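Please look over the sequence and the structure below before reading the briefing.

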Amino acid sequence: MKNLGVQIITLSSDDERAIEQVAALLIEGFKTHSPNAWPHMAAALEEVEESLGEDRISRIAVDQSGEIVGWIGGLSHYDGNVWEIHPLVVKLSRQGGGIGQQLVGDFESLVRKRGGLTIWVGVDDEDDMTTLAGVDLYPNVLDHLAQIRNLRRHPYEFYQKLGFSITGVMPDANGRGKPDIFLAKQVTPNC
């Protein structure tokens, strides 16, 4: 798939250089809003290598110069009916240019070909980026969720623009006042 000056291809388990680039991209992309996700190269490399399994999807966006500018990984749940995006990252200098949207579209196409029905993603809020962070969501979790507001470019709105719906929240997933917000999208059949 080509668009926006990038080509989306499968990350090869034989391409050590590309795997290292993706791991570095992962660290860079998450250091500002989820610094504990992949704090060092060993953790990032482990994540990338896990993405190369048979029941996984691992795709990279490569620009004309051969630089990897984005990556999306995914894994199957519920006998292949549901696929989780884990993770999605775009090079900081290229964010906002449509690469993330292109990666998610490619992912959805692959899930559709594999017979998947739903895609879901969890987006943590560890840095008070939404009105769900820094507060006790209990006992009225759904009331808080219904009134969510984006305070500082939290990615949940990116997914909503791509047709995802907020389906839930896990309070305190990353420590007190640090929830994980869940979004899902129905995979539309080929027409």
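Helices (H or I, at least four residues) and strands (E, at least two) are DSSP runs, numbered from the N terminus. This is a predicted model, in which local features need pLDDT of at least 70 and side-chain atom pairs count only at pLDDT 80 or more, while totals for chains, interfaces and linings use all residues. Residues are numbered from 1 along each chain as its sequence is written, and side-chain values use heavy atoms, with hydrogens and water left out.

**The negative patch**
- Patches are made of residues with over 30% relative accessible area and no salt bridge, where like charges are joined within 9 Å and nonpolar side chains (Val, Leu, Ile, Met, Phe, Trp, Tyr) within 5 Å.
- Asp14, Asp15, Glu16, Glu20, Glu46, Glu49 and Glu50 form a negative surface patch, and its largest share, three residues, comes from H2.
- Glu16 lies in helix H1 and counts as exposed because its relative accessibility is 60% (exposed means over 50%, buried under 20%, partly exposed in between, with a 1.4 Å probe and protein chains only).

**Trp71 in strand S4**
- Trp71 belongs to strand S4, residues 68-77, and is buried, with a relative accessible area of 0%.
- The side chains of Trp71 and Ser58 make a polar contact of 2.9 Å (a pair of N or O atoms within 3.5 Å; within protein, one must be able to donate a hydrogen and the other to accept it, and residues adjacent in sequence count only if both atoms are side-chain atoms).

**Arg59 in strand S3**
- Arg59, found in strand S3 (residues 56-63), is buried at 12% relative accessible area.
- The side chain of Arg59 makes a polar contact of 2.8 Å with the side chain of Asp106.

Conventions:
Accessible areas come from the Shrake-Rupley method with a 1.4 Å probe; for residues, only the protein chains shown count as cover. A salt bridge is a side-chain nitrogen of Lys or Arg within 4 Å of a carboxyl oxygen of Asp or Glu. Lys and Arg count as positive and Asp and Glu as negative; His and the chain ends are not counted. The place of a charge is taken as NZ of Lys, CZ of Arg, CG of Asp or CD of Glu.
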